[in-house]
Amino acid sequence: MSDLPCSQCPLRPLPLFLSHNDEELELVQSLKRREQRLGPDETLIDEGQTDAPLYTLLSGWAYRFKTLSDGRRQILNFLLAGDFIGVQQKMSDAAAHGVVTLTDAVFCVFQRDSLWELHRRSPSMGFNITWLTAHEESMVDDTLLSVGRRSAEERIASLLILLFKRAAALQSDGGADGVPFPLTQQHVADGLGLSLVHTNRTLRRLERRGLHQIKGGRLYLRDVKSLARIADLYGDGRPPQRPLV
């Protein structure tokens, strides 16, 4: 399968993403090297890797994580189409986290010095990178708030709403027929600092109350208002319109 030109990217027409002018598209196209396809549970970036390029997730799901020496894992955030990956490594000598796919995924691969070229050749695209980095930091901040202060029910309710609305923004139906949900309960537990048993019990309790349903690899929100009250989110969880690299 041949690589798509940036001008024909299927993500660009979506209302979630800001439009770019021809010069910006040409710049991104000039820095793109290829597309990389991975299957589920494959590694895109290893922890400590020193030569990882930059990526944009074109389709599929993935996650960023860090592990301790005994193998315990903390998932930092989940990655969906349009997310820009690898900036953190550019601030240090090696990747401080790993990235693994959850599903079949396609990544746009950019040369390693693209970060500097974008800033040098297009201040507007440089600002976009800064915006995307700050936005990802805000998502990690919300995870930290969940792990540090929210109860198990609040943590899971927050995760379900945020992931649902992020995924729904990538669909033409806005999530009317649910959204893909490739996470296992272990992924949820590792993302929220919960035990697997506690995660299972809490998900079942929320589902019995008619707040959500996970069926056939899809997530359905049955009572968004009640789930939002439990989550105690800032805002409604809907992702803001954003740049696309």
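1. The second largest cavity is lined by 15 residues, and Cys6, Cys9, Arg12, Leu58 and Cys108 lie nearest its centre. Strand E1 (32–38), strand E3 (54–59) and strand E8 (105–110) each give two or more residues to this lining. The model is predicted.

2. The volume of the second largest cavity is about 100 Å³. By class, its lining residues divide into 11 nonpolar, 1 polar and 3 charged.

3. In the whole structure, the search finds 2 cavities of 30 Å³ or more. The largest cavity has a volume of about 120 Å³. Its lining consists of 13 residues, of which Phe84, Ile85, Leu132, Thr133 and Glu136 are the closest to the centre.

4. Which element supplies the largest share of the lining of the largest cavity? Helix H4 does, with 6 residues. Strand E6 (84–85) and helix H2 (87–90) also supply at least two residues each. The class division for the largest cavity is 6 nonpolar, 4 polar and 3 charged residues.

5. Two or more lining residues come from each of strand E5 (73–79), helix H4 (123–149), helix H5 (152–168) and helix H6 (185–192).

6. The lining of the largest pocket comprises 16 nonpolar, 8 polar and 6 charged residues. Helix H4 contributes at least two residues to the lining of the largest cavity and two or more to that of the largest pocket.

Notes
Residues numbered from 1 in each chain as written. Predicted model: local features only at pLDDT ≥ 70, side-chain atom pairs only at ≥ 80, totals over all residues. Heavy atoms only, no water. Helix = DSSP H or I, 4+ residues; strand = E, 2+ residues; numbered from the N terminus. Nonpolar A, V, L, I, M, F, W, Y, C, P; charged D, E, K, R; others polar. 1 Å grid on protein atoms, 1.4 Å probe; cavity = no way out; pocket = protein on both sides within 12 Å on 5 of 7 lines; lining within 4 Å. Points joined across faces, edges and corners; volume = space filled by probe spheres on them.
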